[in-house]
Amino acid sequence: MKEIRYAALLHDFGKVGVREEVLVKAKKLYPLQLDLLRQRFDYIRKEAEASTVRRKLQAFLESDRGDALSEVARLTEDFDQRLRRIEEYLQLIIDSNEPTLLEQSQSRKLREIAQHSFIDPRGIERPYLDPDEVRLLSIPKGSLDASERLQIESHVIHTFNFLTQIPWTKELKKIPEIARAHHEKLNGTGYPYRLHGDQIPLPTKMMTICDIFDALTASDRPYKRAVPVNRALSILEDCVRAGELDPDLFKLFHDEKVYERVMHPAAE
């Protein structure tokens, strides 16, 4: 019991080796990236407005009153349409920034937006979206790209390497082995070693069920909202049906309501 307890307490220690901004990343773009993007679109609006004003003034200087008024009306209509289009682009970007499933139509529209350009204050032509922003916003699901996900997954190896440096007693020597497998799945789809079935220690199978439940119901995660207990149990059942979790251990976890002993206040 002490071995399981210590392994459970230390299983995520390796996260100290992962960049904090990746650990807490809630959206596809980092906050600073989104702030800069919003400022860019503010400038695009102002640039469009200033350009329209210059063209209206030119119309009055170069045409008679009747033609000038007609041209001004046309320019005003064009500006209003362009402003609506800019707002639509920004809203689509904000919607795409959410860590939900990205539709193909959204991904295609992001690439279209990136084809538009503006002239920055130094007179340099810039795209509405740069390639890195398009890449991140086009993440199909979740908030992490492939490299960021690898960084997150590396915490298991950091944990194992750290724990193996501790001179455990004979009764506690399996702690590193128990902790390093807490993201493995019975069907071999887990990480980082793609272990199967009996390759995963029994205490780890127990800890994995608890860890998933805790992650789903925790209210202190900056990158996700807590889900209700019934929904968390349903998700765990789906994992059992997919061959990821031990069905007997989950039945015990469910029937004996083990989770109620450590329930988060927000999940009750």
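These are my notebook entries on a predicted model of a protein.

**Overall make-up.** I started with the secondary structure and found 11 helices and 2 strands. Reading from the N terminus, I got the order α-α-α-α-α-β-β-α-α-α-α-α-α.

**Shape.** Next I looked up the extent of the C-alpha trace, which spans about 95 × 40 × 30 Å along the principal axes. Then I checked the radius of gyration, and the protein comes out at 27 Å. A compact globule of 268 residues would have a value near 18 Å.

**Contacts and burial.** How many of the residues count as buried? I noted 38% of the 268. For contacts, I took pairs of residues at least 6 apart in sequence. Of those contacts, 61% join residues at least 24 apart.

**Surface.** The protein exposes about 16,300 Å². Carbon and sulfur atoms supply 54% of that area.

**A nonpolar patch.** Which residues make the nonpolar patch of about 280 Å²? I wrote down Phe13, Val16 and Phe162.

**Phe162 up close.** I picked Phe162 out of that trio and looked up where it sits. Phe162 belongs to helix 7, which covers residues 146-163. Why is Phe162 called partly exposed? Its relative accessibility is 32%, and partly exposed is the class between under 20% for buried and over 50% for exposed. So Phe162 counts as partly exposed because of that 32%, and a residue needs over 30% to join a patch.

Technical notes: Residues numbered from 1 in each chain as written. Predicted model: local features only at pLDDT ≥ 70, side-chain atom pairs only at ≥ 80, totals over all residues. Heavy atoms only, no water. Patch = residues over 30% accessible without salt bridge, like charges linked within 9 Å, V, L, I, M, F, W, Y side chains within 5 Å. Areas by Shrake-Rupley, 256 points an atom, 1.4 Å probe, with all protein chains shown as cover. Salt bridge = Lys/Arg side-chain N within 4 Å of Asp/Glu carboxyl O. Helix = DSSP H or I, 4+ residues; strand = E, 2+ residues; numbered from the N terminus. Buried < 20%, exposed > 50% of the residue type's maximum accessible area, 1.4 Å probe, protein only. Rg over C-alpha atoms; globule rule 2.2 N^0.38 Å. Contact = heavy atoms within 4.5 Å.
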